[in-house]
Amino acid sequence: MPSIDKDIFDGTVIQPELEAECGFAPTRTQLALVAKATDGFVVVHGSDADRETFDDSDISSIFVTFADVVSQYPNADTSTLRTAVMAALSGLWTPCSTVSTCPFDEEVTAPARLIFHVHVPGWGFEPARIKFKSVFPEGEFCGLDWLILNGASCAPYSFKIDTRCETAGSYEFALFIQASQDAGNQATRVIIDPKIELTPP
């Protein structure tokens, strides 16, 4: 039996093609915000669709509001926390109300900058951040980097990647998270397996 390529599961090894420069300007910014409730994950999605294009100030406001709500509901279940978060963010973005099989799934319908942000104590994205398991056309996904807000890096909690949204399809990927406990003295790798559905405009 052949051995498994350990680099596939190594959160320090980045897929080099994802770091390539993008030859296009995204027309939309989509955010996926992750928190943890008492009974599971809460992942909320929103974008600047039908709004002014998000700038650093807009994204910072969304992050701060999200963090404030999570801290106000430390013992909430997923339903309660989701309701509170969506209410607080309603005026700051265009919410995505699509129900998918995996809460981390993304639906993209325009050239977009995708931002992933995790707000869970002791958790952060590993250097790999994201790896695609599905073959994708050259240049379809690019510009992988830690999110920069107001000149400062948001590593390891927030990163961005761009998509041209030119080739329709379902592209499976993995998110690499380092989860720690015991004040950071113990850590493990968590790999989450969602997909991105591209529907070109």
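**Exercise 1.** Determine how S7 and strand S10 pair, and over how many bridges.

*Solution.* Start with the elements: strands are DSSP runs of E with at least two residues, helices runs of H or I with at least four, both numbered from the N terminus. S10 spans residues 158–163. S7 and S10 pair in the antiparallel sense, over four bridges. Pairing requires at least two DSSP bridges between two strands.

The model is predicted; local features need pLDDT of at least 70, side-chain atom pairs count only at pLDDT 80 or more, and totals for chains, interfaces and linings use all residues. Numbering runs from 1 along each chain as its sequence is written, and side-chain values use heavy atoms, without hydrogens and water.

**Exercise 2.** State which residues of H2 are buried and what covers them.

*Solution.* Take buried as under 20% relative accessible area, exposed as over 50%, and partly exposed as in between (1.4 Å probe, protein chains only). The buried residues of H2 are Leu81, Ala84, Val85 and Leu89. They lie on the same side of H2, because their arc around the axis is only 120°, taken from the directions from the helix axis to the C-beta atoms. Thr83 and Ala87, on the other side, are exposed. The cover includes S1, S2 and H1, with contact meaning heavy atoms within 4.5 Å.
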